[in-house]
Amino acid sequence: MQENSPTHHNHLFNRLKHGLSRTKDMLFTDVDKLFSGKQSLDPDLLESLEEHMLMADLGINVTASILEELQSGPAKSGSSLEERLQESMLHVLQPVDKPLALPASGIKPFVILMAGVNGVGKTTSIGKLAAWCKQQGKSVMLAAGDTFRAAAIEQLQNWGKRHDVPVVTQHKGADSAAVIFDALQSARSKDIDVLIADTAGRLHTQGNLMDELKKIRKVITKFDPAIEPECLLVLDAGTGQNALTQARQFDAAIGITGIMLTKLDGTAKGGIIFALAREMGIPIRFIGVGEQAEDLQVFNSRDFIQALFETAA
Ligand SMILES: Nc1nc2c(ncn2[C@@H]2O[C@H](COP(=O)(O)OP(=O)(O)O)[C@@H](O)[C@H]2O)c(=O)[nH]1
Ligand SMILES: [Mg+2]
């Protein structure tokens, strides 16, 4: 998530391609051979495509709709079957390709609330997100809202020290909503542009987790009803179809405005992105394709499809 030069884009694209290679293998390994030279869909190819798409966790609904579009004839004359499949798959992702835009003016701070179950990559992504905000000339503050784990507080503090970003913390076990309220006050008094709030992902029961999040969401409105936070749900691509269940639960609790889909590099189930796009219709803001800083990427549907279809370098 750095400069804009063509070489840099190339570098990021290669990381993306590499990160998606397991999903690509799942989707297209013998399908590649089946495709070769074919201009029409025979039942064998269709069946094989369907099987691979389900194995890559696209889910039944979106698999059926992609194959239906593919069967309904060539979009452009002269395009190959493979190109038409790319187009159909792109049509699923395009509606959720809406990158997060940091407001140029207006109410401060702009709030990014990180939500998601334990271990999906919330805390580690905050440092990368903060760097992304700073690159756009924004001042940033972090709120250590995961008061459940001392390590999460330290993790943020270390990042803050290293990059000269203020971090609002309280002791372990403190009320998370209170930490975030504190941070909101501090951010406003210091005229900070962007406040990124961490939250805990593991509480005694899932019900508690949702209650705590609802309380946090309410505290933001209580602080200033005009703030429209980016409620960013972080999902681990490796959980496959379970990511959909999580998305529905979190959306019902706090209203999700964006999705960050992490760990695409560790899974062959990257097809879940298509199911998320179709079933939730919530913008996918960022994707994670590895653990390096540049592996947290702004989601771009065209690059994603291209990376999925190109042979991994
Ligand atoms: N391979 C890979 N690892 C990731 C990615 N995103 C996060 N992680 C790792 O996931 C682990 C858990 O992250 P953490 O931020 O502590 O999760 P949290 O519980 O949601 O805050 C860390 O080791 C991260 O480095 C990704 O896109 N790919
Ligand atoms: Mg964390």
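How do the residues of the shell around ligand 1 divide into nonpolar, polar and charged? They divide into 3 nonpolar, 11 polar and 5 charged; here Ala, Val, Leu, Ile, Met, Phe, Trp, Tyr, Cys and Pro count as nonpolar, Asp, Glu, Lys and Arg as charged, and the others, Gly among them, as polar.

This is a predicted model, in which local features need pLDDT of at least 70 and side-chain atom pairs count only at pLDDT 80 or more, while totals for chains, interfaces and linings use all residues. Residues are numbered from 1 along each chain as its sequence is written, and chains are lettered from A and ligands numbered from 1 in the order in which they are written.

**Ligand 1.** Select ligand 1 and display its surroundings. The shell holds 19 residues, the closest being Gly121, Lys122, Thr123, Thr124 and Gly288; a residue is near the ligand if its C-beta atom, placed from the backbone, lies within 6 Å of it. Helix α6 supplies the largest share of this shell, 3 residues.

**Helix α6.** Next, select residues 122–135, which form α6. Helices (H or I, at least four residues) and strands (E, at least two) are DSSP runs, numbered from the N terminus. From Lys134, go to Val165: the two are 31 residues apart in sequence, with their C-alpha atoms 9.5 Å apart.

**The sheet.** Now show the strands. An open sheet of 8 strands has the order β3-β2-β4-β1-β5-β6-β7-β8, with mixed pairing; two strands pair if DSSP finds at least two bridges between them. β3 (167–168) and β8 (296–298) stand at the edges with a single partner strand each, so one side of each is left without a neighbour in the sheet.

**Strand β6.** Select residues 258–262, strand β6, which runs parallel to β5 (residues 230–236) and is joined to it by 5 bridges. Leu232 stands opposite Gly258, and Leu235 has Leu261 as its bridge partner. Towards β7 (residues 284–288), also parallel, there are 3 bridges, and Ile259 stands opposite Ile284.

Which residues of β6 lie on each face? Gly258, Met260 and Thr262 are on one side and Ile259 and Leu261 on the other, all buried.

Helix α11 (residues 272–280) makes a right-handed unit with β6 and β7. A crossover is right-handed if, with the strands pointing away from the viewer, the path from the first strand over the helix to the second runs clockwise.

Terms used: Buried ≥ 20, exposed ≤ 12 C-beta atoms within 10 Å, placed from the backbone.
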